[in-house]
Amino acid sequence: MVSREHKRSAATLHEKLQLLRSITNSHALNKTSIIVDASKYIEDLKEKVQRLNQDMENNAQITSSSDHDDFNALPVQVSVKTLDKGFMINVLSEKSCPGLLVAVLEAFEDMGLNVLEARVSCADSFHLQAVGGEVSSTIYVLLLLLYYYCMH
């Protein structure tokens with residue numbers, strides 16, 4: 001006889017697999033295939049992050065000047081928080097640099113983030129706090145990857 005707790009954990013696992021299936025746009029029906037599709041999806045996201053980083057490097061080289069030479073070397077802290085109906089992103093740098101605000105806003109646009117309110121200070125240091133509306137699960141995964149990438 002199957003215990004009530006076992007049934008509950010099986011139902012929870014099924015729900016999580018279905019959520020994973022929907023996030024990764026998988027059409028698989030069994031657990032193994034869903035996990036394989038999710039693994040492929042994560043690899044695709046990693047490749048997108050690498051391409052975006054390469055594009056940012058290329059753009060920085062194209063627009064390089066004496067001020068932009070320090071752009072890639074700037075220590076930047078990024079924090080991402082989920083709110084009840086949205087997100088909050090803080091970007092901090094000890095030194096401001098021409099083009100940093102534009103680069104951050106373009107990254108938001110590329111990720112499809114709907115920023116509802118933003119506060120920016122870029123006199124000597126750089127601080128941006130952006131609050132956005134609801135995000136799809138795919139964008140949430142991208143935010144987590146951005147946070148992970150910036151912290152490592």
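Residues are numbered from 1 along each chain as its sequence is written, and side-chain values use heavy atoms, with hydrogens and water left out. As the model is predicted, local features need pLDDT of at least 70 and side-chain atom pairs count only at pLDDT 80 or more, whereas totals for chains, interfaces and linings use all residues.

The chain contains four helices and four strands; helices (H or I, at least four residues) and strands (E, at least two) are DSSP runs, numbered from the N terminus. Along the sequence, these elements follow the pattern α-α-β-β-α-β-β-α. Of the 152 residues in the chain, 24% are buried, where buried means under 20% relative accessible area, exposed over 50%, and partly exposed in between (1.4 Å probe, protein chains only). The chain exposes about 10800 Å², of which carbon and sulfur atoms supply 54%; accessible areas come from the Shrake-Rupley method with a 1.4 Å probe, and for residues only the protein chains shown count as cover. Among contacts (heavy atoms within 4.5 Å) with a separation of 6 or more, 53% join residues 24 or more positions apart.

Strand β1 (residues 76-83) and strand β2 (residues 86-93) are paired in the antiparallel sense over eight bridges; two strands pair if DSSP finds at least two bridges between them. The two strands form a hairpin, with two residues between β1 and β2. Within this pairing, Q77 has L92 in β2 as its bridge partner. Strand β2 also holds N90, which is buried, with a relative accessible area of 13%. Beyond its neighbours within four places in sequence, N90 is in contact with Q77, V78 and S79, as well as with H127, L128 and Q129.

Helix α3 (residues 100-111) comprises twelve residues. From its first C-alpha to its last, α3 reaches 17 Å, close to the expected 16 Å; the expected span is 1.5 Å times one less than the number of residues. Four residues of α3, namely L100, V104, F108 and M111, are buried. Viewed down the helix axis, the buried residues of α3 fall within an arc of 80 degrees, so they line one face of the helix; the arc is that of the directions from the helix axis to the C-beta atoms. An α-helix has 3.6 residues a turn, so residues three or four places apart point the same way. On the other side of α3, E109 and D110 are exposed. Just after α3, G112 adopts a positive phi of about 75 degrees.
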